[in-house]
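Please read it alongside the sequence and coordinates.

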Amino acid sequence: MVSRRAETIAHDVELQEWLESMESLLRTEGPERAKTIFRAVQEYLADEHVTIDSATLNTPYRNTVPLDQQPAYPGDIELESRIENILRWNAMAMVLKAYDGGTGVGGHIGTYASAATMMEVGLNHFFRTKSEDYGGDLIGIQAHAAPGVYARAYVEGRLSEQQLENFRRELQPGGGLSSYPHPRNMPDFWQMPTASMGLSTPTAIYQARFAKYLENRGLKPKNGGKVWVFIGDGESDEPEVLGTINIASRENLDNLVLIVNCNLQRLDGPVRGNGKIIQELERSFRGAQWNVIKVIWSGEWDKLFAIDREGVLQDRMERAVDGDYQMYSVSSGPEVRDHWVAGDQQLEEIMRVLSDEEIRCIRRGGHDHKKIYAAFDRATRNTKGPTVILIKTIKGYGMEGHEGSNAVHQKKNLSREERIETRNRLAIDLDDDAAARADFYRPPEGSPELEYLRARRDHLGGPWPRRIVDCPSLPAPALDVFKDQINGSGERELSTTMAFVRMLSKLLDHDELGRYIVPIVPDEARTFGMEALFRKAGIYSSEGQKYRPVDSSTLMPYREATDGQILQEGICEAGAMASFLSAGTAYAVHGVPTIPFYVFYSIFGFQRVGDMIWSCGDMLSRGFLLGGTSGRTTLNGEGLQHEDGHSQVVANTVPNLLSYDPAFAYELAVIVRDGIRRMYQKQENVFYYITICNENYVMPPMPEGVADGIVKGMYCFERSPRQAKAGRKAHLFGSGAIMTEVLKARDLLEDLDIATDIWSVTSYNELSREGLTAERRAMFSPHQHEQPYVRQLLGEEQGVFVAASDYMKALPLSIARWVPGPYVVLGTDGYGVSESRPDLRAYFEVSAEYIAWAALASLADAGLVSDAELESAAEKFGINRDKPNAAVSGPPDFG
Ligand SMILES: Cc1ncc(C[n+]2csc(CCOP(=O)(O)OP(=O)(O)O)c2C)c(N)n1
Ligand SMILES: [Mg+2]
């Protein structure tokens, strides 16, 4: 047999001969030998600079597992189909009830309808939960298929009818169900969030990699556990999906299976109307060296393939585009036949085997248990690299009249007749009125459906999804571990970044905590002075180090090792963030309390991978995010796209993220220690964002009694040595690196006879959250006179108040209400510019001079400083009152 493609060039005798010899080789010596020879021919051409184009990355548009290698199906397909029908009904009923309730909370039917069979095959035969001898699978589903998962849990008796009735109404009495998988809102149920398209792929890849990291470092037994993640074909357009697949093959992640539900539709249109999404994804994944398994056609096509001796059918399949295939899913049998055959005699002959009705009903591979089983089975046997399974389905499969339509994603309601018709088709034991009401249906106890479903899950370790946290708590380190930071740096100048690296080094040496510390860096560790840790901790590499590093003769050589502790991620903030998420959730996924410290350029955090940080909040991740090189004026020279003066403001938008901007090493030590205490000793579901800077200055020793204030966000650092004369008193609030300017401003003011107190504000965000909470309590108990911490701390302090930080003014403004006097906020609103540190600080008006000036101006306002004093100060401090406002100005014209 020679394929039709060859036949079309049948006059080419030479080509015929080549193909015939390849055929003979394959028949007589088998596929391995044929591959060797073909590869040798290809390499010969490559040596001669003849490259074969990308077409070699595609296999024909058909199932990867051929019929003769298809394993026997180990389950009862008829029973599984009955169960699936029950799930389909209940999933649909949830959405219909939400619609009937008139609350407009919505829901989706079409996605689960297309994904149900692949999810069921997985749940009945593959997905295993954690047990004594098995690490447990982590499974992410397409978020919009959640109703199907709830339906299953209901049938299993794990969710009540009331909970189902309250789908998308989490605040109702008796509890409700979140729209999508949100571990934060259903922490005993969902394992991983997937609702933001595209993030689940890097999440899955890095979870799989982190499992290997734990195994290689002896923190998890090598007892398996796979990551299975379902995504949509439309979702694969998100850059995070294809952008991170290389790492999965580089790391040989044979514990990862990505399943793409290719229903050819995204929201209201085709994904690739003019092409074929499955073939496109195959090229990308094969190019990235994944194991690609395609499930395109159901068993009904097998008999057609068997008579397609000349490849006519295959040829037609290759020519049709996804727009055609979508069209077929809404067309009648004769229409499909006409369009498909299009006058081709041979094809007509082949298709004659099927009646019009059979043609209309012929399924895609994603609705055929056996084909899906064959693919999953092959995936689990794979021991080389990650696997992607591309499965062709129909969106809204089984939804009479809506299958494959562009509007099916938005379908939230069915008429009475449609409901009854659906009940009939799914053979659900409900009467017409119950069907019209979209009542839920649970098969009776003892029924074969229920027995089968439970037996299958028992066999695989128990029901899914289930999130179980069984993790030892760790002791917080004694503060003494950080005594270098607590005692101050003496004469030496150092930055908070250097202080942090030294603390990390101490933690790595810590008897109980050391092995759980996971330092994570994108681009390069040297930016943050972390190369000193290479020798001690090593850089994790699944392959070890196969080369002698260029700096092997130095004190701090680049050292990669299979048991390396540092995750050096390359220039990939999304990947590093996914590593943080994996390490920060290992307490729940693996029962291992790893403590991630992820250090990055602060500007490439929230605004670059903010959605991933949000996802960390959803997945109840713990750990420390460290915004390095932070501050709009502290990172000098780098300019607009590097200088961060807003990440602290954005950090406040993540509800369970605590954010700090410490000025001194001891503050950092107290915050980190308290963070470990809260997250790993008390096991609270919070995480931390701490900005650290690269400006060197003397780190003072910790004053007595300030630890509590550091954690709360503010304390008095130094009182003025003098009594204020005639009310000439200023209070300066300093944070982060701007504290050095505040201290200099204090000297300027004291020189002008203004008594000046210094307050260190480590966290405006914590202060404002506490204040708002206290105010809320006061709103409900008006006579208790509860005061926010800021007000308690500042009491009736007299004088004027000036706050300065390297962040936007919104930050200090957030506590304005509780400051007991005139309050001026200084900050770095506006884009950064390339300049030196002093000039940047003058430009943004956060230099010592502007801070002192702000206090004087405020005192002048209150009549406590004369105009003459003000004028002379302006001159002395070099205050330019006509300078443009950095917050709104265009190109800088300062000077
Ligand atoms: C980042 C992001 N953008 C947009 C959405 C809105 N959204 C929800 S479902 C969907 C399309 C899903 O299409 P596909 O991935 O093909 O899944 P299907 O429902 O077809 O299985 C979109 C864009 C989202 N959830 N996340
Ligand atoms: Mg789709």
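## Helix 7

Helices (H or I, at least four residues) and strands (E, at least two) are DSSP runs, numbered from the N terminus.

Because 15 of the 17 residues of helix 7 are buried, this helix is largely enclosed by the rest of the structure; buried means under 20% relative accessible area, exposed over 50% and partly exposed in between, with a 1.4 Å probe and protein chains only. Helix 7 is followed by glycine 218, whose phi is positive, near 75 degrees.

## Basis of the values

Residues are numbered from 1 along each chain as its sequence is written, while chains are lettered from A and ligands numbered from 1 in the order in which they are written. As this is a predicted model, local features need pLDDT of at least 70 and side-chain atom pairs count only at pLDDT 80 or more, whereas totals for chains, interfaces and linings use all residues, and side-chain values use heavy atoms, with hydrogens and water left out.

## Magnesium site

The magnesium ion (ligand 2) is coordinated at 1.9 to 2.1 Å by Asp233 (OD), Asn263 (OD1) and Gln265 (O), donors being N, O and S atoms within 2.8 Å of the metal (3.2 Å for Na, K and Ca), and water is not among the atoms, so sites may look incomplete. Along the chain, the donors of this ion follow the spacing D-x29-N-x1-Q. Aspartate 233 lies in the loop between strand 2 (227-232) and helix 8 (239-243), and asparagine 263 in the loop between strand 3 (256-262) and helix 10 (277-287), so the pair ties together parts that are 30 residues apart in sequence.

Aspartate 233 counts as buried at 1% relative accessibility, and asparagine 263 counts as buried at 4%.

An open sheet of six strands has the order 10-7-11-12-14-13 with parallel pairing, where two strands pair if DSSP finds at least two bridges between them. Its edge strands are strand 10 (567-568) and strand 13 (657-660), each of which pairs on one side only.

Strand 12 (residues 624-628) runs parallel to strand 14 (residues 687-691) and is joined to strand 14 by four bridges; phenylalanine 624 stands opposite tyrosine 688 in strand 14.
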